[in-house]
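Hi everyone, thanks for coming. Please have a look at it first.

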Amino acid sequence: MARNVEKGRSMLNQWLKAKELSEQKSFFKIPKRVNEVEDLETAVSCRRHIIKEICNKIKEIQNYSLSDQHIRELNDQINKLISIKNKWEIRIIELGGPDYQTESNTLINAHCSELKGNNNYKYFGAAKNLKGVKELLLKENDDRKKFILKKKKENRFFDKYVNIHYFGYCDDQNEMLLREELKMQDQLEKKDLKTLKRMRSLKNYN
């Protein structure tokens, strides 16, 4: 009986300790002014905490049963966190730390869509299906496909018609052009010879 009581107390102590640690983590405060942080380790910890929040919210916004209002709020929060993340990543570089920007932006962009001229505002998960957003994303996707198709046609035309003959690199193989060049060269040489003789005659006359 005493052993069971002791075991129960031990489990309770472990639970209380785990709860205390959890509460301490949840009260992690991120400095509001990024530029005032002079410690690289603190900056990296702040970025890590923000990345964790972004991941949690991206996971939450995958729930398509949420209300439109909740989805919009979540999407706004994610974009705000991304903006804060970018500031911390710049600060980390300024403090002599590694550049996390390319890696983190690649991972985030893999889960979102953007609209042109929308100040890099991103749409995640269920936000892509919001009324008005879905139609615009589909239109941009169609426009992008048409643009790619147009570029492919232009490249095929270029490969077919614009070659070394187009730039005149094979003109020396054209017999007609070669004869004309030789004829013109002969005329220029005769003209130069006449000019030279005239100059000599004038010199002798003087």
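This is a predicted model: local features need pLDDT of at least 70, side-chain atom pairs count only at pLDDT 80 or more; totals for chains, interfaces and linings use all residues.

Let's begin with helix α3, residues 68-94: it has 27 residues and spans 40 Å from its first C-alpha to its last, close to the 39 Å expected at 1.5 Å a residue. That expected span is 1.5 Å times one less than the number of residues in the helix.

Residues are numbered from 1 along each chain as its sequence is written, and side-chain values use heavy atoms, with hydrogens and water left out.

Now zoom out for a moment. The protein chain has six helices and two strands, and along the sequence they follow the pattern α-α-α-α-β-β-α-α. Of its 206 residues, 20% are buried. Here buried means under 20% relative accessible area, exposed means over 50%, and partly exposed is in between, with a 1.4 Å probe and protein chains only.

Back to our helix. Which residues of α3 are buried? Among them are Ile71, Leu74, Ile78, Leu81, Ile82, Lys85, Trp88, Glu89 and Ile92. For reading such a list, remember that an α-helix has 3.6 residues a turn, so residues three or four places apart point the same way. The buried residues of α3 pack against α2 (40-60), α4 (101-109) and β2 (122-124). Just after α3, Gly96 takes a positive phi of about 90°.

How do α2 and α3 sit together? Their axes come within 9 Å and cross at roughly 160°. The axes are lines fitted to C-alpha atoms, for helices over the stretch in contact, and angles run from 0 to 180 degrees between N-to-C directions. That makes α2 roughly antiparallel to α3, a label for angles over 145 degrees, whereas under 35 is roughly parallel, 65 to 115 roughly perpendicular and the rest oblique.

On the α2 side, the residues that meet α3 include Cys46, Arg47, Ile50 and Ile51, and their partners in α3 include Leu74, Ile78, Lys85 and Trp88. Contact, by the way, means heavy atoms within 4.5 Å. By class, this contact has 15 nonpolar, two polar and six charged residues. Ala, Val, Leu, Ile, Met, Phe, Trp, Tyr, Cys and Pro count as nonpolar, Asp, Glu, Lys and Arg as charged, and the others, Gly among them, as polar.

Cys46, found in helix α2, is buried, with a relative accessible area of 0%. Cys46 and Lys29 are 17 residues apart in sequence, and their C-alpha atoms are 8.4 Å apart in space.

On to α4. Helices α3 and α4 pack at an angle of about 160°, with their axes 10 Å apart, and are therefore roughly antiparallel to each other. The contact is made by Ile82, Lys85, Asn86, Glu89, Ile90 and Ile93 of α3 with Gln101, Ser104, Asn105 and Ile108 of α4. Those residues divide into four nonpolar, four polar and two charged.

Leaving aside neighbours within four places in sequence, Ser104 is in contact with Arg47, Ile51, Lys85 and Glu89.

**One last residue**

Finally, find Asn120 in the loop between β1 (112-114) and β2. At 59% relative accessibility, Asn120 counts as exposed. Most residues other than glycine have a negative phi. Asn120 has a positive phi of about 60° although it is not a glycine. Not counting residues up to four places away in sequence, Asn120 touches Asn79 and Glu114.

Conventions. Helices (H or I, at least four residues) and strands (E, at least two) are DSSP runs, numbered from the N terminus.
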